[in-house]
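User: Could you take a close look at one part of this model for me, the packing of its nonpolar interior and of a helix pair? I'd enjoy a connected walk-through with the cut-offs spelled out.

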Amino acid sequence: MAASSSIVSVAATASSVPILPSSCDFSNLREIKKQLLLIAGLTRERGLLHSSKWSAELAFSLPALPLADLQPPPPITEEDAQDMDAYTLAKAYFDVKEYDRAAHFLHGCNSKKAYFLYMYSRYLSGEKKKDDETVDSLGPLEKGQVKNEALRELRVELSKKHQARELDGFGLYLYGVVLRKLDLVKEAIDVFVEATHVLPLHWGAWLELCNLITDKEMSMKSELSYLAHNLCEIDKYRVETCCVIGNYYSLRSQHEKAALYFQRALKLNPRYLGAWTLMGHEYMEMKNTSAAIQAYRHAIEVNKRDYRAWYGLGQTYEILKMPFYCLYYYRRAHQLRPNDSRMLVALGECYEKLNQLVEAKKCYWRAYAVGDVEKMALVKLAKLHEQLTESEQAAQCYIKYIQDIYSCGEIVEHLEESTAFRYLAQYYFKCKLWDEASACAQKCCAFNDTREEGKALLRQILQLRNQGETPSSEIPAPFFLPASLSANNTPTRRVSPLNLSSVTP
């Protein structure tokens, strides 16, 4: 609930023609019912079954409409009529998960509905092949490297359509999914925002935004306040209303008021899981660790498989500097979310504090192998190698870290990037590889905290070059950092595939 309410305020201008009328009065329950029934049909036709289910469930909870108020189906266009046979056959293949066949028969179709199903079939075909390869792979490293090969082609095609403003709300949604899969988070957020403006009742686009927007400052207080006022007018004695108001006060850093509204939500429904977890977060912000622990424990009583409550307990005991306790709770969270890199990084940090460095390295490596969300696992792993004086392994981790952040185009914290370049500059300098050391030292000069070190190292390199220093044959031949800093063909020595059976319950 916290994530979904925090994205309501993201604003952007839609670039395509809405399917749903933009003048809908969403404070009118009859109008909402009409649009929910409409969107349920539209998503079902396009194979978006979870969104269709969500819309149908919500529509079912509202009073039935009289015949005169029922929304007529969207009109069939000339393009729809021309593609009808191909769409009908392809949809039959799609429903039985024969995605390649579905895409084959939809190739060349021009209608919006058929085009979406064509692109979506190609995407799901790639995902299915990726899953098959993952099952056949040998270890965690290989699993982390298996990719959907169709993503880049889909991105190119959808990007052209997007620039030409030819994507409808569903096309925008699929484009956002492709961008997210390629780790282009900022671009994906912008596209999903467009999709929500075009199709405000398409649940899939909102759900994707929930997973992408992790910073509460990415919502605007005024719009969240507007949502809270609207919900109060509809029904202020509902759990959802209390949670939205609680989120609003949390956004304003008024944590006591936020906790009060989450308490009100729990009075209305003591088994409302989200309110217990959110209240635990608020108590954490107020430094009331005992109350936070109690709230998280209540959440676990409601649902023992709620990883957020286990993770919250781990964070609470981490604040209390009780690493053995937080290790237990992070283990439970990891058991429920084995492929969540955040749980693995948290486990690794616990093992570091307990000076169990081998286990910490395993956790950081697994976090990277399953897809590191926060782009921190390789840096932490590199620092562990530094601590253990494993210089070559540390350099390998820093090189892979730099390649990853440059290839995905994300903006990262300068401190981490500068740390990587500083270590690599020193590593190559010790190896007497002047070109590579010079390239990394020049990169150090771009950051405030490493600028002076970079300049000093450049002066040393120039002096040694003038003296005719050559690399020593006793030093093993290392790997190289490409000049582009974005190549993916740099050879790296892999650490052993990790076995977490000994470090997880």
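Analyst: **Cores and a helix pair**

Happy to. In the largest nonpolar core, which has 85 residues, the members touching the most other members are Trp276, Met279, Leu313, Tyr401, Leu424 and Tyr428. Such a core is a set of buried Ala, Val, Leu, Ile, Met, Phe, Trp, Tyr and Cys residues joined through side-chain atoms within 4.5 Å; buried means under 20% relative accessible area with a 1.4 Å probe, protein chains only. Leaving aside residues up to four places away in sequence, Trp276 is in contact (heavy atoms within 4.5 Å) with Leu266, Pro270, Ala295, His298, Ala299 and Val302. A second, separate core holds 55 residues, including Tyr99, Leu199, Leu212 and Ile213.

Please keep in mind that this is a predicted model: local features need pLDDT of at least 70, side-chain atom pairs count only at pLDDT 80 or more, and totals for chains, interfaces and linings use all residues. Residues are numbered from 1 along each chain as its sequence is written, and side-chain values use heavy atoms, without hydrogens and water.

Leu212 also belongs to a helix pair: from α11, Gly204, Ala205, Glu208 and Leu212 meet Tyr173, Val177 and Arg180 of α9. The axes of α9 (residues 169-181) and α11 (residues 203-212) come within 10 Å and cross at roughly 25°. Therefore α9 is roughly parallel to α11, a label for angles under 35 degrees. Axes here are lines fitted to C-alpha atoms over the stretch in contact, with angles from 0 to 180 degrees between N-to-C directions.

Across the chain, there are 25 helices (DSSP runs of H or I, at least four residues) and 0 strands (E, at least two), and 49% of the 505 residues are buried.

Methods. Buried means under 20% relative accessible area, exposed over 50%, partly exposed in between (1.4 Å probe, protein chains only). Angles under 35 degrees count as roughly parallel, over 145 as roughly antiparallel, 65 to 115 as roughly perpendicular and the rest as oblique.
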